[in-house]
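Student: I would like to learn how to read aromatic rings in a protein model. Could you walk me through an example?

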Amino acid sequence: MERTLSIIKPDATARNITGLINSMIEAAGLRIIAQRRIFLTQQQAEEFYAEHKDKSFFSGMIQQMISGPVVVQVLEGEDAIATYRKIMGSTNPAVAEEGTIRKTYALSIGQNSVHGSDSPEAARREISFFFNHTEIVG
Ligand code: ADP
Ligand code: MG
């Protein structure tokens, strides 16, 4: 069993498709064991995405992430990190695989509907960024 951190991004909450995305998560065998709808502050978004701070898209991406509510969630399952990355699809929805969340729902690379941790170290850091032990109910 493994855990990963998911974020349903503002482009998706704006279109009222958090339930549709949760259905795809559950259909893949992942369990949503913690979930909260919040507004990220700019400081939180910049800290969360600190690894990208030198990228050209950083400031636009931060503005996108604070443009509306997000749903932060902990997903649990077998190979949860890789399983979720697989059903998310490629960062750029134009080249994402058929049937993935991003192919189905993302609008563009900057409005790509979901985030998922990319390694066990990232998952640990990202889960503890948003949730404490009592909020995770596996
Ligand atoms: P992923 O979310 O697939 O792990 P990255 O970690 O590389 O992708 O990038 C983080 C987020 O930054 C992406 O999900 C996307 O929203 C945004 N992003 C990445 N590359 C670009 C780009 N070239 N132009 C605009 N936004 C981008
Ligand atoms: Mg990433």
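Student: Which residues form one aromatic cluster here?

Tutor: Keep in mind that this is a predicted model. In it, one aromatic cluster is made up of Phe-48, Tyr-49, Phe-129 and Phe-130.

Student: How many aromatic pairs does a search of the whole structure find?

Tutor: Searching the whole structure gives four aromatic pairs. One of them joins Phe-48 to Tyr-49 in an edge-to-face arrangement, with 5.1 Å centre to centre and 90° between the planes.

Student: What describes a pair of aromatic rings?

Tutor: Two things do: the distance of the centres and the angle of the planes. Phe-48 and Phe-129 are 5.5 Å apart, centre to centre, with 70° between the planes. This pair is edge-to-face because its angle is over 60 degrees.

Student: Where in the chain do Phe-48 and Phe-129 lie?

Tutor: Phe-48 belongs to helix H3 (residues 42-48), while Phe-129 belongs to helix H7 (residues 120-130). They are 81 residues apart, so the pair links distant parts of the chain.

Student: Is Phe-48 buried or exposed?

Tutor: Phe-48 is buried, at 2% relative accessible area. Tyr-49 is also buried, with a relative accessibility of 6%, whereas Phe-129 is partly exposed at 22%.

Student: Which charged end sits over the ring of Phe-48?

Tutor: That is the charged end of Arg-125, 5.7 Å from the centre of the Phe-48 ring.

Notes:
Residues are numbered from 1 along each chain as its sequence is written. Chains are lettered from A and ligands numbered from 1 in the order in which they are written. This is a predicted model: local features need pLDDT of at least 70, side-chain atom pairs count only at pLDDT 80 or more; totals for chains, interfaces and linings use all residues. Side-chain values use heavy atoms; hydrogens and water are left out. Rings of Phe, Tyr and Trp (its six-membered ring) pair if their centres lie within 6.5 Å; planes under 30 degrees apart count as stacked, over 60 as edge-to-face and the rest as tilted. Buried means under 20% relative accessible area, exposed over 50%, partly exposed in between (1.4 Å probe, protein chains only). Helices (H or I, at least four residues) and strands (E, at least two) are DSSP runs, numbered from the N terminus. A charge sits over a ring if NZ of Lys or CZ of Arg is within 6 Å of the ring centre and within 35 degrees of the ring normal.
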